[in-house]
Amino acid sequence: MKQEKLIEKYTKQVTVYEKNRDHPTITSWRKRIIKDAYGTVLEAGVSVGANFPYYDKDKVTEITGVDFSSEMIKSAIKSAQQHHINATFITQDINSLQLAPNFYDTIVSTLTLCSYPNPIETLNQFNTWCRKDGSVLFLEHGLSTNPLLSLTQKIVDPIYKRISGCHCNRNMVKLIEESQLQIEKVERFWSGIAILIWAKPTK
Ligand SMILES: C[S@@+](CC[C@H](N)C(=O)[O-])C[C@H]1O[C@@H](n2cnc3c(N)ncnc32)[C@H](O)[C@@H]1O
């Protein structure tokens with residue numbers, strides 16, 4: 001799918017993301033992982049700023065939100081204002097982004113690793129941008145640990161991608177293991193379809 005088409009697809013979903021911002025189960029996962037963010041934070045695929053209420057303002061100094069959809073960024077700006085978050089925003093494709101190496105204490109990716117065309121390259125960018133002692137935090141959806149469900153996900157992936165813009169058949173643990181990041185802790189939910197991953201960079 002061409003990049004403009006993909007941006008258009010996500011832009012059309014702004015209202016849906018806004019409506020689902022407070023989904024109780026997803027919110028419980030957001031709270032669990034986002035509380036560990038600290039210092040300077042880069043949030044990749046920030047979308048409508050659904051994580052903003054859950055950052056610990058005593059620990060987080062500044063958030064940089066990146067998204068290639070300007071409509072998503074507009075919504076995230078409103079959310080940042082509403083939750084008194086000190087944030088700056090970059091409207092750009094994460095894959096063409098040039099950021100200073102070793103700058104961020106925390107990199108956050110929630111429900112975005114399913115979207116990138118070359119996820120290992122993106123993960124390696126995270127490794128470059130994150131400070132040596134920093135953290136990379138993930139809440140992702142991907143391939144189930146249940147064989148029947150994972151087979152279904154593999155079969156429906158092309159249609160899923162066409163409708164939503166992202167993949168449902170990615171093995172997130174395997175992708176991170178194949179990148180330069182190092183996994184510290186994993187928690188799985190919904191037969192492994194939803195996953196929380198705490199990772200560290202390797203320098
Ligand atoms: C499924 S949404 C997830 C949003 C949000 N992080 C959350 O937790 O609800 C994916 C977001 O990533 C953005 N996105 C997808 N691919 C991107 C890319 N290559 N560069 C920048 N943003 C991207 C989309 O515009 C969308 O806002």
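## Ligand shell

In this predicted model, the ligand is surrounded by 18 residues, the closest being Tyr 10, Gly 45, Ser 47, Thr 110 and Ser 115. Sorted by class, the shell consists of nine nonpolar, seven polar and two charged residues.

## Overall fold

The protein has seven helices and seven strands. Read from the N terminus, their order is α-α-α-β-β-α-β-β-α-β-α-α-β-β. The radius of gyration is 16 Å, close to the 17 Å that the globule rule gives for 203 residues, so the protein is as compact as a globular protein of that length.

Along the principal axes, the C-alpha atoms occupy a box of roughly 45 × 35 × 35 Å. Buried residues make up 39% of the 203 in the protein. Of the contacts with a separation of 6 or more, 68% join residues 24 or more positions apart.

## Nonpolar core

The largest nonpolar core contains 45 residues. Leu 42, Ile 107, Phe 126, Val 136, Phe 138, Met 172 and Ile 176 have the most contacts inside this core. The element that gives the most to it is strand S5 (residues 130-141), with five residues.

Which residues does Leu 42 contact, leaving aside its neighbours within four places in sequence? They are Thr 64, Val 66, Tyr 104, Ile 107 and Trp 129.

## Helix H5

Helix H5 spans residues 119-129, and its buried residues are Pro 119, Thr 122, Leu 123, Gln 125, Phe 126, Asn 127 and Trp 129. These buried residues pack against strand S1 (39-44), strand S4 (104-110), S5 and helix H7 (172-178).

## Two serines with positive phi

Most residues other than glycine have a negative phi. Ser 47 has a positive phi, near 55°. Ser 47 sits in the loop between S1 and strand S2 (60-67) and is one of the closest residues to the ligand.

Ser 191 also has a positive phi, about 55°, although it is not a glycine. Its loop lies between strand S6 (182-189) and strand S7 (194-200).

Which of these positions is buried and which is exposed? Ser 47 counts as buried because it has 24 C-beta neighbours inside 10 Å, and the cut-off for a buried residue is 20 or more. Ser 191 has 12 such neighbours inside 10 Å and therefore counts as exposed, the cut-off there being 12 or fewer.

Key: Residues numbered from 1 in each chain as written. Predicted model: local features only at pLDDT ≥ 70, side-chain atom pairs only at ≥ 80, totals over all residues. Near = placed C-beta within 6 Å. Nonpolar A, V, L, I, M, F, W, Y, C, P; charged D, E, K, R; others polar. Helix = DSSP H or I, 4+ residues; strand = E, 2+ residues; numbered from the N terminus. Rg over C-alpha atoms; globule rule 2.2 N^0.38 Å. Contact = placed C-beta atoms within 7 Å. Core = buried A, V, L, I, M, F, W, Y, C linked by C-beta atoms within 7 Å.
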